[in-house]
Amino acid sequence: MSDKKRVLSAIQPTGEIHFGNYFGAVQNWVRLQEEYDCIYGVVDYHAMTMPYSPKKLRENTWGLILNLVALGVKPENLFIQSLVPQHAELNWIFNCFCSYGRLQLMTQFKDKSQQAKEKSEDNFISAGLFDYPVLQAADILIYKADFVPVGKDQDQHLELTRMIANRFNNQVGKEYFVLPETMHSEAPKIRSLADPMRKMSKSAGEKHYVSVFEEEKRLRKKVMSAVTDSGDLIGTDEMSEGVDNLFTIIKACGHTEAYDQCMAAYKDGSIRYGDFKTAAFEALHSLTSKFIENKAEVMANKKEIKNQIKQSSAEIRKIAQQTIKDVKELAGLMNVRF
Ligand code: AQP
C-alpha cells in the first residue's frame, strides 16, 4: 500500500468542462497526481438528480472521461461512479447518519431545485437532488480521502461530509473515517464573464461559461464582451467583481507577466479595459489551443482509454468494497462474501 496521502474529487457528466471547473478543481487534480494517491470520479449517479436523458448521460460520461484525459488527468486515476455501486450502498447507510433538517440547509439544493422545476414539464424535484450531498459524502469517505480539491461552492458539502463521518465514528465507537480536508486552488471561485455576480456555470446558460475547448472566435467574443465596470475604481485599492475575475483568470493561466503589467496599470490608473481583456483572451487561448490539440490525440486512442477506465474502475472498486465490508460490520449489518 502506498504511504502517500489520498486525494479524492469528482465531477458530474453534465456536459462540457468550463474554466470554473478547471481552475477551481481539475487544474489542481492534474498537479496533485505526482505527490498524492489520487482518485478522480466521473459521478454519473449525481447527474441523474436533475431532469436528464439516459442516452445522453452515457455519452456525456464517456465524453467527460476523454476530456479529463485531454486536460492531463491520468486514466489510471479515473473511475466511473456507476462502475463502483458501493457508493450507492454507503449513501443509504449515511442517510441514517444525516438529519433531514441539516439537508434542508444546503444552498445548492435551494438553487438547483428551482432549476429542476424549470427544466421538467411537471415541476419535478427528485428526492435524489435533496439527498445528493449524502451521496457526495459517500463518494469521499468510501476512499478515506485526506484531501478533497474542489471549488468554493462545495465548502458546505465538505462540512456535511465531516459531520456524517463524525456521527458515524461516534455511533460505532471507533475513529473509522478520516475527516477529510478541503483543498482549494488559488482560484476557487471563477465568476461568469457575462454576470460576475454569479459563478461560472453551465446551468445559467451558454453565455455564463467558457468551455476549456472553446473555439477561438467564440472565446474572443465571450472575453471581449466580459462585464467589467465604468472605470471609477481604477487607480484605487478596490476592484469590481468582473475586473477581479479577469485578473484571477490571467493569473490562473500562468500568464504572470501579463498579470503584473495589467495590475501595475490598474494601480497607476493607466489601464485600458480593451487591452486588459485582450490579455485575458490571450491567456485563455494559450490553454484552449493546447487542450484542443491534446483532445485530438486522445480521440485517436479513444478505445484504449475506455478499456483503461474499465480496468481502473475495477481496481478502485476494491477499495470501496473493503470500506463497505468494514462499515457493515461496524454498523451491525450482514456482509455477503466477495
Ligand atoms: N465557477 C466555479 N469556480 C470554481 N470552481 C467551480 N466548480 C464548478 N464551478 C466552479 C468546481 O468544479 C468541480 C466540478 O463541479 P460539478 O460536478 O458541480 O460540475 P458541473 O455540474 O459541471 O458544474 P456547473 O457547470 O457549475 O454546474 P451547475 O451549473 O449545474 O452547478 C467542483 O469541484 C466544483 O467546486
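Residues are classed here by relative accessible area, with buried meaning under 20%, exposed over 50% and partly exposed in between (1.4 Å probe, protein chains only). The structure is a predicted model, in which local features need pLDDT of at least 70 and side-chain atom pairs count only at pLDDT 80 or more, whereas totals for chains, interfaces and linings use all residues. Residues are numbered from 1 along each chain as its sequence is written, and side-chain values use heavy atoms, with hydrogens and water left out.

The protein contains 12 helices and 5 strands, these elements being DSSP runs numbered from the N terminus (helices, H or I, at least four residues; strands, E, at least two). Along its principal axes the C-alpha trace spans about 70 × 45 × 45 Å. Of the 338 residues, 49% count as buried, and the protein exposes about 16800 Å², of which carbon and sulfur atoms supply 50% (Shrake-Rupley method with a 1.4 Å probe; for residues, only the protein chains shown count as cover). Among contacts (heavy atoms within 4.5 Å) between residues at least 6 apart in sequence, 77% join residues at least 24 apart.

With regard to charge, there are 44 positive and 44 negative side chains, and the centres of the two sets lie 6 Å apart. In this count Lys and Arg are positive and Asp and Glu negative, while His and the chain ends are not counted; the place of a charge is taken as NZ of Lys, CZ of Arg, CG of Asp or CD of Glu.

Strand 1 (residues 6-11) is largely enclosed by the rest of the structure, because 5 of its 6 residues are buried. This strand pairs with strand 2 (residues 37-42) in the parallel sense over 6 bridges, pairing being assigned if DSSP finds at least two bridges between two strands. Within this arrangement, Ser9 stands opposite Tyr40 of strand 2.

Asn123 lies in the loop between helix 5 (107-119) and helix 6 (127-141) and is exposed, with a relative accessible area of 52%. Lys144 is found in the loop between helix 6 and strand 4 (147-149) and is partly exposed, at 28%.

Contacts across the sequence were examined at three further positions. Phe97, in the loop between helix 3 (86-95) and helix 4 (100-104), is buried at a relative accessible area of 8%. Leaving aside neighbours within four places in sequence, Phe97 is in contact with Met163, Ile164, Arg167, Phe168 and Gln171; the C-alpha atoms of Phe97 and Asn166, which are 69 residues apart along the chain, are separated by 9.3 Å.

Asn60 is placed in helix 2 (residues 54-70), counts as buried at 17% relative accessibility, and touches Pro13, Thr14 and Gly15 when residues up to four places away in sequence are not counted. His255, by contrast, lies in the loop between helix 9 (241-252) and helix 10 (256-268) and counts as partly exposed at 24% relative accessibility. With residues up to four places away in sequence again not counted, His255 touches Ile250, Glu282, Ala283 and Ser286, and its C-alpha atom is separated by 6.1 Å from that of Ala283, 28 residues apart along the chain.
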